[in-house]
Structures are given as C-alpha cells and as structure tokens.
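Reader: Could you take me through the nonpolar core of this protein, and what packs around it? I'd like one connected walk-through.

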Amino acid sequence: MRYLILVFSIAITLLVNSCGIYNFTGAKPVNAKTFQVNYFQNNAPLIEPGIERNFTQELQEIIQNQTNLNLVSQGGELLYEGEIVDYRITPMTATADQRAAQNRLTISVNVRFSNRNSEEDDFEKRFSFFYDFDANEQLVGSQLTTALDVIFERITQDIFNESLAKW
C-alpha cells in the first residue's frame, strides 16, 4: 500500500509540474511585456498596392491574439521590422497546347527580430509562402484577398513560431 501511495504521489507531482509550462498558443514564456511591429515596406520588384499595410496588421494581430504582450508604437521590448522583398506570379503547370493551367503567387518577407532582454534570440530571416490558382482566372478582388489571407496567415505564423514559440 505504501508503494502504491508513493508511485501515485510521484505521478501527480510530475503531472502538475509538466502542466505549469504549457500554454495553448505554443509560445514559450518570454520576459517582455511589450512588442513593436514597424511598418513593412514593399520593396518587391512587382508592387501590389496595400499589401504592406495588410501584412503589418496581420503580424500585429497574430502576436496580440496568441500572447498577452502589449502593442506599442515605439520602445517595444520585442521589435519586428523588415520588408516585403518578393511578389511574384509564375506558371506552374502546362496544358497540352503549352499554355499555363495553373499559376502560383509567391510572397517573400525579410524579417529582423530583436529582443532587447535577450539578444541571443535576435535573428534576420526570410519567410516565404505561395498560393496556387487557375491560370484562366485573374488575381483580383476576392481571389486576391483569399490568396493574401492564405499566404499572410502562414508567413505570420512562421514568424511567430520562430520568434516566440522557438520551433
């Protein structure tokens, strides 16, 4: 009986200790209270107006939604800055008459992250993702909005994982 109580006590202790570090977003504890996202300039050779503003807002939103950090306009302990460096549409598959059947929109963003409290976490890295669409369709209106949503969701999640979740 004494052995059973000892095993049960150890199991409960390990269970309680392991749950203390876990959170639902996957972000590791960071010793910061504020973050700052500077405006991401669009330096891509092909310019799509307004995507730099949308991307900046998407990055701010994912950090606000998945952490308890406060967004500030200057002096943030965590700083995100960079630029959109590529916006490209390329043909992906061809039909029998040598026309594109599918195109791919690829967006790449160069990000510089700095943590004023822990300089070993700083990085500069390029993040990229794509969206495939039918070559017979124009990439405008709702089609463009859908493509940007898919791409920005993936890129911002990758930036979050690299900077705060440490995946």
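Author: Here's a walk through the core, starting with some background on the model.

This is a predicted model, in which local features need pLDDT of at least 70 and side-chain atom pairs count only at pLDDT 80 or more, while totals for chains, interfaces and linings use all residues. Residues are numbered from 1 along each chain as its sequence is written, and side-chain values use heavy atoms, with hydrogens and water left out.

The pLDDT, the predictor's confidence in each residue from 0 to 100, averages 88 over the protein, and 86% of the residues score at least 70. Residues 19–25 are a stretch to treat separately: the pLDDT there is below 50, and beyond near neighbours in sequence the stretch has two contacts in the model. Contact here means heavy atoms within 4.5 Å.

Now the overall layout. The protein has three helices and six strands, and along the sequence they run α-β-β-α-β-β-β-β-α. Helices (H or I, at least four residues) and strands (E, at least two) are DSSP runs, numbered from the N terminus. Of the contacts with a separation of 6 or more, 67% are between residues 24 or more positions apart. Buried residues make up 36% of the 167 residues; buried means under 20% relative accessible area, exposed over 50%, and partly exposed in between, with a 1.4 Å probe and protein chains only.

On to the core itself. A nonpolar core is a set of buried Ala, Val, Leu, Ile, Met, Phe, Trp, Tyr and Cys residues joined through side-chain atoms within 4.5 Å. The largest one holds 36 residues, and Phe55, Leu59, Ile63, Tyr80 and Ile107 have the most contacts inside it. At least two residues each come from S1 (34–37), H2 (51–66), S4 (78–94), S5 (100–115), S6 (123–134) and H3 (141–165). H3 gives the largest share, 10 residues.

H3 has 25 residues, so at 1.5 Å a residue it should span 36 Å, and its end C-alpha atoms sit 34 Å apart, which agrees. That expected span is 1.5 Å times one less than the number of residues.

Take Leu59: leaving aside neighbours within four places in sequence, Leu59 is in contact with Val37, Phe40, Tyr80, Thr156 and Ile159.

Tyr80 leads us to the aromatics. Ring pairs link Tyr80, Phe113, Phe123 and Phe127 into a cluster. Rings of Phe, Tyr and Trp (its six-membered ring) pair if their centres lie within 6.5 Å; planes under 30 degrees apart count as stacked, over 60 as edge-to-face and the rest as tilted. The structure has six such pairs. Phe129 and Phe130 are stacked instead, at 4.9 Å and 25°. Phe129 counts as buried because its relative accessible area is 18%, whereas Phe130, at 32%, counts as partly exposed.

One last stop, in strand S4, is Gly82. Gly82 is buried, with a relative accessible area of 7%. Not counting residues up to four places away in sequence, Gly82 touches Tyr39, Phe40, Gln41, Asn110 and Arg112. Phe40 is also among the contacts of Leu59. Asn43 lies 39 residues from Gly82 in sequence and 10.0 Å away in space, C-alpha to C-alpha.
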